[in-house]
Amino acid sequence: MNPREDNRIQHKVFEAIVKEDGTLTVKVPQSLSGKKVKVTIEEDREKESLSAWNELSGVLKKADALDIPRRDSKDIIDDLRTFRESK
């Protein structure tokens, strides 16, 4: 029987660790012991995104700590006009 036609196939998600040598280590339920299984690998990009966000957040906090005077777009445009008119 073609497995794609078998509606009894169950999909389960397990977290695993891939060691430096490429060995995949995952703990599965005893019910799968001795059975043939299909392994699909997806990178956990959510953790990468969270790490990138934490890094960006840290940079923004450091920038806020510099206490640079805040200016809105109107102030910037007014300064640009004054600068142009002074030339």
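Is Asp79 buried, partly exposed or exposed? With a relative accessible area of 41%, Asp79 is partly exposed, because that value falls between the 20% under which a residue is buried and the 50% over which a residue is exposed.

## Model and confidence

The structure discussed here is a predicted model, and the average pLDDT of the protein is 81, with 86% of the residues scoring at least 70. Among the elements of the protein, the highest mean pLDDT, 92, belongs to α2, whereas α1 has the lowest, 81.

## Overall architecture

Two helices and two strands are found in the protein, and from the N terminus on these elements follow the order β-β-α-α. Strand β2 covers residues 24-25 and helix α1 covers residues 45-65, with a loop between them, while helix α2 is formed by residues 73-85.

Of the 87 residues in the protein, buried residues make up 1%. The accessible surface comes to about 9300 Å², and carbon and sulfur atoms account for 53% of that surface.

## Helix α2

The length of α2 can be checked against its number of residues: at 1.5 Å a residue, its 13 residues should span 18 Å, and the C-alpha atoms at its ends are 18 Å apart, which agrees with that expectation. At the start of this helix, Asp72 places a side-chain oxygen within 3.2 Å of the backbone nitrogen of Lys74.

Lys74 also takes part in a salt bridge, in which its side chain meets that of Asp78 at 3.0 Å, N to O. Lys74 is exposed, since its relative accessible area is 53%, whereas Asp78, at 29% relative accessibility, counts as partly exposed. Through salt bridges that share partners, Lys74, Asp78 and Arg81 are joined into one network.

## Further salt bridges

The count of salt bridges comes to four, and among them is the pairing of Arg71 with Asp79, whose side chains meet at 2.9 Å, N to O.

Another salt bridge brings together the side chains of Arg70 and Asp64, at 3.0 Å, N to O. Here Arg70 counts as exposed, given its relative accessibility of 58%, while Asp64, at 48%, counts as partly exposed.

## The loop between β2 and α1

Thr40 is found in the loop between β2 and α1, and its relative accessible area of 62% makes this residue exposed. Although 27 residues separate Thr40 from Val13 in sequence, the C-alpha atoms of the two are 9.5 Å apart in space.

Ile41 lies in the loop between β2 and α1 as well, and with a relative accessible area of 64% Ile41 is exposed. Ile41 contributes to a nonpolar surface patch of about 690 Å², which is made by Phe14, Val18, Leu24, Val26, Val28, Val37, Val39 and Ile41.

Terms used: Residues numbered from 1 in each chain as written. Predicted model: local features only at pLDDT ≥ 70, side-chain atom pairs only at ≥ 80, totals over all residues. Heavy atoms only, no water. Helix = DSSP H or I, 4+ residues; strand = E, 2+ residues; numbered from the N terminus. Expected span 1.5 Å × (residues − 1). Polar contact = N/O pair within 3.5 Å; in protein donor to acceptor, adjacent residues only side chain to side chain. Buried < 20%, exposed > 50% of the residue type's maximum accessible area, 1.4 Å probe, protein only. pLDDT = per-residue confidence, 0-100. Patch = residues over 30% accessible without salt bridge, like charges linked within 9 Å, V, L, I, M, F, W, Y side chains within 5 Å. Areas by Shrake-Rupley, 256 points an atom, 1.4 Å probe, with all protein chains shown as cover.
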